[in-house]
Amino acid sequence: YEIYLNGMTGAVPRLPTDLTRLEELTEQRLGPGPVGYVAGSAGNGSTARANRAALERRRIVPRMLRDVHERDLSVEVLGRPLPAPLALAPVGVLSIMHPEAESAAARAAAAQGVPFILSSASSTPIEQVAEAMGDAERWFQLYWSKDREVNRSFLRRARESGFTVLVVTLDTPLLAWRPRDLDQAYLPFLHGVGTANYFTDPAFLAGLAKPVHEDPNAAVLHFVGLFADPGKTWPDLAFLREHWDGPIVLKGVLHPDDARLAADAGMDGVVVSNHGGRQVAGSVAAADALPRVAQAVGDRLTVLFDSGVRTGDDLFKALALGARAVLLGRPYVYGLGLDGQPGVEHVIRCLLAEFDLTLALSGHAGPGSVGPADLVEDAG
Ligand code: FNR
């Protein structure tokens, strides 16, 4: 109610409460280059559009007279109690949005009690982000490198910095065809902006013929050559189990058979995601893949979801389709670009306030009772 009360006294929020307006505002403020990289997706954008359409097509069927006076948004995810079914998705190179980059976003997540998932392609070293977060819940996302020593080193640094859950992104063995990057020649990775994590890693540095400052181009090329590995297969997962003793979640799973393989390999969870439409143009919408994955492995794995979530009702729909919790991508990145840490906090608070109201107005006092019966699919 804070926002309404402020409204009565004439105080208008610094950022809009309609989070779908943030992209346009950020573009006005920061220009088309950085926003082109964030907003851009694979091919002609059909997957990103399909993500939105698949959520919009599902409609909530509210129930009445169910005592929603007191509500509790908390859930347990991978054995950890969370205040709400939400985490911030791993997004690389946040320095293109704000000078405080990952540290500001991580502090915002910590202040709101939401887990922050740090990208291995971050512009801030793992240790520095950990320091910004105190003892708040943090997860680490790995781009699974060709170089075993780099993987070992990243996993060791993350573990020693208090990161609990490992999120391994499978859908990016190569960077996809992304016209907005190609047309603008605005690939921040190639400008070295997003590689600070690598450029501070001892195993990565050991692979260089000359120090980074003497030959930055060679360092960037080295990074591009080893950041991921299109040769990996399911048996390789054993390496991760050996080097990480906490929960492991595979991100980018869309096929129910892949979800079954993840469970067979002893993984703890999957993120049903198409990388926000940035990898396979023409891919299945993430929200269409979600119920099939949840049906296949919901009793064996923790099923998380991202790609296209913009509003509180999207979050509700994702839970109804079988997700335990949701990762938020672009909206918090725009919040960061517009107003640093307070901007990210604004986005988290608006999303959760809207989710809370959606729950209540739909007849639920918490996430636990939300299920497939709460939705219909619009034929239109
Ligand atoms: C991403 N994403 C991503 N994922 C990941 O595992 N590691 C990464 O470094 C990145 N980097 C990244 C950069 C940018 C600019 C974007 C927009 C996305 C994907 C991200 O984690 C998530 O899957 C999507 O952002 C979710 O979709 P929405 O919410 O942005 O539609």
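Let us start with a pair of helices: the axes of helix α2 (residues 22-30) and helix α16 come within 9 Å and cross at roughly 35°. Here the axes are lines fitted to C-alpha atoms over the stretch in contact, with angles running from 0 to 180 degrees between N-to-C directions. Helices (H or I, at least four residues) and strands (E, at least two) are DSSP runs, numbered from the N terminus. The model is a predicted one, in which local features need pLDDT of at least 70, side-chain atom pairs count only at pLDDT 80 or more, and totals for chains, interfaces and linings use all residues. Residue numbers start from 1 along each chain as its sequence is written.

Which residues of α2 and α16 make the contact? From α2 come Leu 22, Glu 23, Leu 25, Thr 26, Arg 29 and Leu 30, and from α16 come Pro 331, Tyr 334, Gly 335, Gly 337 and Leu 338. Two residues are in contact if their C-beta atoms, placed from the backbone, lie within 7 Å.

Helix α3 (residues 32-39) brings us back to these two helices. Its buried residues are Pro 34, Val 35, Tyr 37, Val 38 and Ala 39, and what covers them includes α2, α8 (179-184) and α16. A residue is buried if 20 or more other C-beta atoms lie within 10 Å of its own, exposed if 12 or fewer, and partly exposed in between.

Now for the core. The largest nonpolar core has 111 residues, and those with the most contacts inside it are Ala 105, Val 270, Val 272, Leu 290 and Val 293. Helix α16 (residues 330-361) gives the largest share of this core, 12 residues. Such a core is a set of buried Ala, Val, Leu, Ile, Met, Phe, Trp, Tyr and Cys residues joined through C-beta atoms within 7 Å. Leaving aside residues up to four places away in sequence, Val 270 touches Val 249, Leu 250, Val 253, Ala 259, Ala 262, Val 293, Leu 301 and Val 303.

Finally, look at two loops. Most residues other than glycine have a negative phi. Leu 65, in the loop between β1 (58-60) and β2 (75-77), has a positive phi near 50°. Ser 307, in the loop between β10 (302-305) and α15 (312-320), also has a positive phi, near 105°. Is each of them buried or exposed? Leu 65 is exposed, because 6 other C-beta atoms lie within 10 Å. Ser 307 counts as buried, because it has 34 C-beta neighbours inside 10 Å.
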